[in-house]
Every structure is written in structure tokens, then in C-alpha cells.
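Reader: Before we look at particular features, could you take me through how to read this model, giving the general idea each time and then the case at hand?

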Amino acid sequence: MGILGLAKLVADVTPGAIKERELKHYFGRKVAVDASMCLYQFLIAVRSEGAQLTTVDGETTRHILHLMGTFYRTIRLVEQGVKPVYVFDGKPPNLKGGELAKRAERRDEAQKLLQAAEEAGNVEDVEKFNRRLVKVTQEHAEEAKQLLKLMGIPYIDAPCEAEAQCAALVKAGKVFATATEDMDALTFGCNILLRRLTFSEARKMPVQEFHFDKVLEGLELNHNEFIDLCIMLGCDYTNSIKGIGPKRAIELIKTHRSLENIVENLDTKKYSIPEDWNYKQARILFQEPEVTNPEKIDLKWSDPDEEGLVEFLCGNKQFNEERVRNGAKKLYKARNTSTQGRLDTFFKVLPNPNPPKRKVEETKGATKKAKKGAAGRPRGRPK
């Protein structure tokens, strides 16, 4: 779910924190990708993206969409010079159990509505409720990991939340940014968040680049106050206060500076605070998330295993062998022609505090001549 309404709030209040970039801007950049978010996007894909979403028999199939999406869109990133590392979710924190239970209830309800739509022959509703039933399973994740290994792309199994592990990688300087649609990567303190990076070619939209320092500056909050704001907006770990929207939430946090002070001063006749509101535990999960120490993580990209990819994708998965081999060749070519990377990852250009003496003297001489010439010209006449 992420943080409800946070993207719009940032865009409205502090638009300077968001930059729009073309994909090619990230040439040479290492980017941590939220794998579960990507797999979910691929699984709900319903339109054919050219021949990519068809099997060797020409049939569109759902059971391999996660592999098709991972394969072709990763190639697209690598061809643009991006070096992705996929991060997979681990065990969810106990506090997230309530949100997971709600999701299960919503899926049960969607299943009933889907059946009714099918009986009524309502194609549009059938597709809508089918999307609500999508769930990324452990099998999806394991197959994606196997594919990434064959492609030569590194992946990480996070001990808990993938967004938290991504944020830790960014803060440690291991990668440039986190790519996800969930805004809670910012809540975990991720310096740079990229949205739309893994969108397909069918949705040609610029990448949105959120800068955390600019977000805090524009909202006039420190990190802990920002975490409290996110909890009020609505997160996966606890309920929020009904009736308080983004505008009111930012007003309250700026006035009282903490949830403790807000609770103490809130008009409970107007706003009902949830019973046993565990916002303090939620805050700790954002402040001290369970992550693997980034310094112990060694990220390595390698050449693709073409024969292994053919064996894995062209058997029961029914991929077209020619396209798989072409994809492997693209990966190999991109890896071996983009090794120089970005200059700014190696050097930082600084102004010269001591310019050459000759240049300084020439500049001074030119200035004196210009002044003398200006003094000798009658006013009102052309130069």
C-alpha cells in the first residue's frame, strides 16, 4: 500500500522535490528495484505488448507474465545503461498482520464480485475484479530469482521489507536510488526515490525522481516528524485517525511536532483516535527497520547464460527461442559496451581556486583597456 496520498501531498506542497527525467539520464547508475512491486505490475498486465506477451504458440498467457515482464523490461533497463539490483521482500513484520488480513478480505470480496460480473457478462468488471485478485506468491518470486541469476543480474533477499533494504543500500552509497511505486521508501529515509522506472514502453512517461532532503525542506519537517506524518496519512503498520486527510495532517504535525502531542491536543469529539493505536511501534519500524548491513552485500553483474535462459524459458514456459537468444545477446552487448559508466561516479569537478597567473594578468589587462576605451569615447556616439 505504501503511504496514502503522500505523492500528491509532496507534488502539491513541495513540487521542487520532484524532477522528471528520461530513462537515459540513469546511464551508468546502479538502482535498487523493489522486486515485489515489479512482479505485481507484470501480473496485472492485460494488454499485449507486441509479441512479447505471447507464447511460442501465439497465445497470451498469465502464468508467465511475471517472467516476461522481468526478462524484457530488465533488458530495456540494461540497454539504457542502468545497472539494476532486485530486492525481494522477506518475512513481514508482525505489525503488518492487520493490513495483510484486510487485503485477504478484499480479495475474498473481489472473488464474489468477479463471479457476479461473469454471470452478468460484464467484461469490464470481470477484468477489474481479476486485477484485485492478483497476488505475488513465493513461487513467482523464486522463478524471478532463477531468471535474474541466468541473466547475470544480482538480487537480494531482504530479511523484512524490501523498501527498507533498498533505502539502506541508497544511504550506504551502494546504489544511486530506489525504484518503486510505494512512497514508504522515503519514510525509511531513502535519499532518492524513482517512480515509473519499470513502466513498459506502452506507457511512455518520464521517470519521477523524488529527493528526500528537498521533501523535508519543503514540508519544513525533520525525519522523525515526517515519519509521524506518514503514519497519520495511512501506512501498512497501523490504522490512521478517521477524518484527518493530508491537508489536516500536515497542519497538525507542523503545529504539534509529534504524534504524542497531537493525541494530547486533538479534539476527540471531532476525530476518533483508534483504540489501542500502536503508532509508537509503527514509528520504530520506520526508524529502525530490520535490514542486512549494506557493507556486507557484494553486488556483482555478470554475463548472461544464454543456453541456461533457453532451457529455462523455452520449455514449459513456452518462450520463443529466437527472442530469448536475441535478449541474451542484447544483455551481453550492453554489459560489454557500457563498462565506462558515468564520469561523475569517479570524479567530482571543482572550481580552480588558483587560476594560472598569466590568465589573471590577461584578464586584468583586458579590463583596463576596456575602461580606458570607454572613458575616451564621447557620450551618445556609437562605439
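Author: Let us start with charged pairs: a salt bridge is counted where a side-chain nitrogen of Lys or Arg lies within 4 Å of a carboxyl oxygen of Asp or Glu. By that rule the structure holds 20 salt bridges. The model is a predicted one, in which local features need pLDDT of at least 70 and side-chain atom pairs count only at pLDDT 80 or more, while totals for chains, interfaces and linings use all residues. Residues are numbered from 1 along each chain as its sequence is written, and side-chain values use heavy atoms, with hydrogens and water left out.

Reader: Which residue meets glutamate 142 in a salt bridge, and how many residues apart are the two in helix H6?

Author: Helices (H or I, at least four residues) and strands (E, at least two) are DSSP runs, numbered from the N terminus. The partner of glutamate 142 is lysine 145, with 3.2 Å from N to O. Both belong to helix H6 (residues 138–151), and because they are three residues apart there, about one helical turn separates them.

Reader: How should I read the sheet, and what is the order of its strands?

Author: Two strands pair if DSSP finds at least two bridges between them. Here an open sheet of seven strands, with mixed pairing, runs in the order E1-E7-E6-E5-E2-E3-E4. Its edges are strand E1 (18–21) and strand E4 (155–157), each of which pairs on one side only. Within the sheet, strand E2 (residues 30–34) and strand E3 (residues 83–88) pair in the parallel sense over five bridges, and valine 33 has tyrosine 86 in E3 as its bridge partner.

Reader: Turning to helix packing, at what angle do H2 and H3 pack?

Author: Axes are lines fitted to C-alpha atoms, for helices over the stretch in contact, and angles run from 0 to 180 degrees between N-to-C directions. Helix H2 (residues 35–43) and helix H3 (residues 65–79) pack at about 115°, with their axes 8 Å apart. H2 is therefore roughly perpendicular to H3, given that angles under 35 degrees count as roughly parallel, over 145 as roughly antiparallel, 65 to 115 as roughly perpendicular and the rest as oblique. Contact means heavy atoms within 4.5 Å, and in this pair Leu39, Phe42 and Leu43 of H2 meet Leu65, His66, Gly69, Thr70 and Arg73 of H3.
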